[in-house]
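Thank you all for coming.

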Amino acid sequence: MPRFPSPVRPFLLGAALSTLGACASQPPMTSSTAPAAIAVPAIQRPQGETPQWWFRSGAAQAALASAQANAGGQRAKNVIVFLGDGMSIPTIAAAHVLAGQRAGVDGESYRLSFERFPFSALSRTYETDQQTPDSAGTMTAIMTGVKTRAGFIGVSQVPRRQDCAGTRGQELVSALELAAAAGMSTGAVTTTRITHATPAATYGHLPERNWEVDADLSEAAKAAGCKDFAAQLIDFPVAGGLTVAMGGGRTEFMPAGADDPEYPTRVGQRLDGRNLIGEWTSSHPDGKYVWNAAQLKALDLSRTPRLLGLFEPSHMNYEHERPRDKAGEPSLAEMTASAIEVLKQNPNGFFLMVEGGRIDHALHAGNAYRALDETVSFAAAVQAALEHTDPAETLIVVTADHSHTLTFAGYPRRGNPILGKVTGATDSYDDESAPGLARDATGLPYTTLGFANGPGYTGASDQQPEGSKRFPHNPREYSAIGKGRPDLREVDTTDPDYLQEAILPLKSETHGGEDVAIFATGPGAAAFHGELEQNVIFHVIVQHAPRLRAELCKLGSCNADGVPVERPTRQAWLQQAGAAAR
């Protein structure tokens with residue numbers, strides 16, 4: 001075997017690959033088969049990190065991880081990817097404390113549904129151009145097996161941002177697209193707009209994440225033939241479109257000026273005159289379109305072959321505000337359970353992506369209460385999936401696209417309210433004015449949770465005076481600090497609208513660049529261990545879902561051992577899928 005120079009050598013998988021199975025057109029390896037390697041050549045980073053290199057490297061890492069875990073023979077009929085947008089490890093830790101305390105039990109040892117999964121790993125989230133990533137490039141890596149730039153959805157790193165012409169030939173095939181071509185049911189569920197970065201990465205391809213509706217497209221993009229994500233969802237070219245799509249973003253599917261059914265002051269945004277909801281209902285007369293919770297609840301899901309749910313003009317409400325929605329919105333758990341009931345009618349299995357998207361929004365807003373509340377709701381959706389699927393045939397992967405700057409610090413005593421001020425366990429923390437409160441170097445109390453940056457900065461802004469800030473708060477500018485930190489002794493830091501203090505003043509809190517967690521259960525889950533590049537998630541899924549893997553092999557992407565190692569082109573996928581659709 002030729003040697004590759006340091007620092008990168010090929011992954012030598014040998015006979016361990018025999019446990020992975022093979023595509024229908026490829027014989028499985030036998031004990032007499034010579035060991036094979038997925039050659040991943042040495043590169044001069046980052047110049048050598050081509051889309052093909054990322055795909056091949058991800059395949060090699062996934063195959064090696066599977067072989068190390070002896071998980072090669074495990075095959076999943078169904079796949080569910082849960083994406084907690086921005087769900088950092090501190091967010092998870094604080095959320096399980098909150099969930100336990102709400103339940104009246106020990107929060108520190110409490111486990112959310114996915115924290116009880118038997119396998120876990122860490123995911124490196126950097127993009128090809130940024131240390132701290134965004135949701136577009138990270139979700140593209142998870143869905144396609146190829147890392148790319150910030151702001152790119154379903155497109156490799158090669159073109160420039162917003163360069164439609166340069167995008168042609170650089171579109172990446174997603175796991176959901178493979179599933180659709182393989183005859184599986186497909187679904188995307190989110191609490192954000194269904195055209196937002198995370199759900200769009202399951203079905204869309206654009207070098208600009210913000211092109212969610214045609215009104216957002218530049219004139220150059222329109223002239224080059226780019227199509228917005230709302231139109232891409234409805235015009236999905238295989239299997240009649242996604243089997244299930246639920247989330248927000250209703251007005252992006254409505255022609256300009258058309259009245260929203262729920263809010264008299266909201267109207268459609270489309271400038272091309274298309275009524276995408278009407279087109280969907282015409283194309284799927286046996287399908288069901290719903291826009292409120294009562295309509296969804298009234299459906300006989302066992303007799304619903306397709307489902308489109310658009311529950312808000314923009315993003316769905318935070319869980320905290322959802323009970324006050326007059327028209328009524330389903331929870332993420334209810335949407336998840338409903339989606340599975342529709343999808344599992346297909347004997348070929350299904351691929352479903354579920355996003356807890358507003359975790360990210362609350363963190364950007366510097367509001368820990370809503371972030372943790374959304375994370376608890378997200379965990380309830382994972383539990384719903386466990387209750388509506390067969391664990392022997394369903395691979396469930398729970399992860400995040402990136403982290404945030406939420407901090408979990410100080411020395412609060414066991415059982416201290418997670419949203420409260422830090423209280424100490426020794427007498428040294430006590431004084432007459434605030435018994436038990438820990439103090440900073442200036443003698444002021446502080447909270448367990450905080451942010452490294454964001455709108456919770458305590459200086460005076462153009463919207464709120466100096467001191468503690470309230471949600472929502474999106475300042476355009478801050479003035480100089482006059483008095484330093486606020487005195488929190490009389491401030492209810494557990495109030496849902498309290499904004500945790502931030503060190504740096506920013507209009508919106510930023511993402512973080514550290515690893516995020518992966519939790520997995522079901523066939524193939526054992527391959528999730530150690531620390532993985534984020535694009536490896538796609539490859540582990542594909543290598544343990546026979547229909548997805550076979551579809552890649554049909555595109556000529558597999559080596560002699562039946563392991564997908566060549567990045568497929570979307571043109572080849574369209575040709576193959578089109579033939580299958582006919």
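Predicted model: local features only at pLDDT ≥ 70, side-chain atom pairs only at ≥ 80, totals over all residues.

Residues are numbered from 1 along each chain as its sequence is written, and side-chain values use heavy atoms, with hydrogens and water left out.

Let us begin with the open sheet of ten strands, whose order is 7-8-6-5-9-3-10-18-4-19 and whose pairing is mixed. Strands here are DSSP runs of E with at least two residues, helices are runs of H or I with at least four, and both are numbered from the N terminus; two strands pair if DSSP finds at least two bridges between them. At the edges stand strand 7 (288-290) and strand 19 (531-533), and because each has a single partner strand, one side of each is left without a neighbour in the sheet. From one strand to the next, the twist averages 15°, where axes are lines fitted to C-alpha atoms, for helices over the stretch in contact, and angles run from 0 to 180 degrees between N-to-C directions.

Within this sheet, strand 5 (residues 185-193) and strand 6 (residues 244-248) run parallel and are joined by four bridges, with A188 standing opposite A245 in strand 6. Helix 3 (residues 135-144) packs on the sheet, touching strand 3 (78-84), strand 9 (350-356) and strand 10 (394-399), and its direction makes about 165° with that of strand 3; contact means heavy atoms within 4.5 Å. Helix 13 (residues 368-388) also packs on the sheet, where it touches strand 3, strand 9, strand 10 and strand 18 (516-521), at about 170° to the direction of strand 3.

Now to the other sheet, which is open, has three strands in the order 12-13-16, and is mixed in its pairing. Strand 12 (406-408) and strand 16 are at its edges, each with a single partner strand, so one side of each lacks a neighbour in the sheet. Strand 13 (residues 449-454) runs parallel to strand 16, and three bridges join them; F451 stands opposite A502 in strand 16. Helix 2 (residues 89-102) lies across strand 12 and strand 13, running at about 55° to strand 12.

Finally, where does L506 sit? L506 is in the loop between strand 16 (502-505) and strand 17 (511-512), and it counts as partly exposed because its relative accessibility is 31%, the class between buried (under 20%) and exposed (over 50%), with a 1.4 Å probe and protein chains only.
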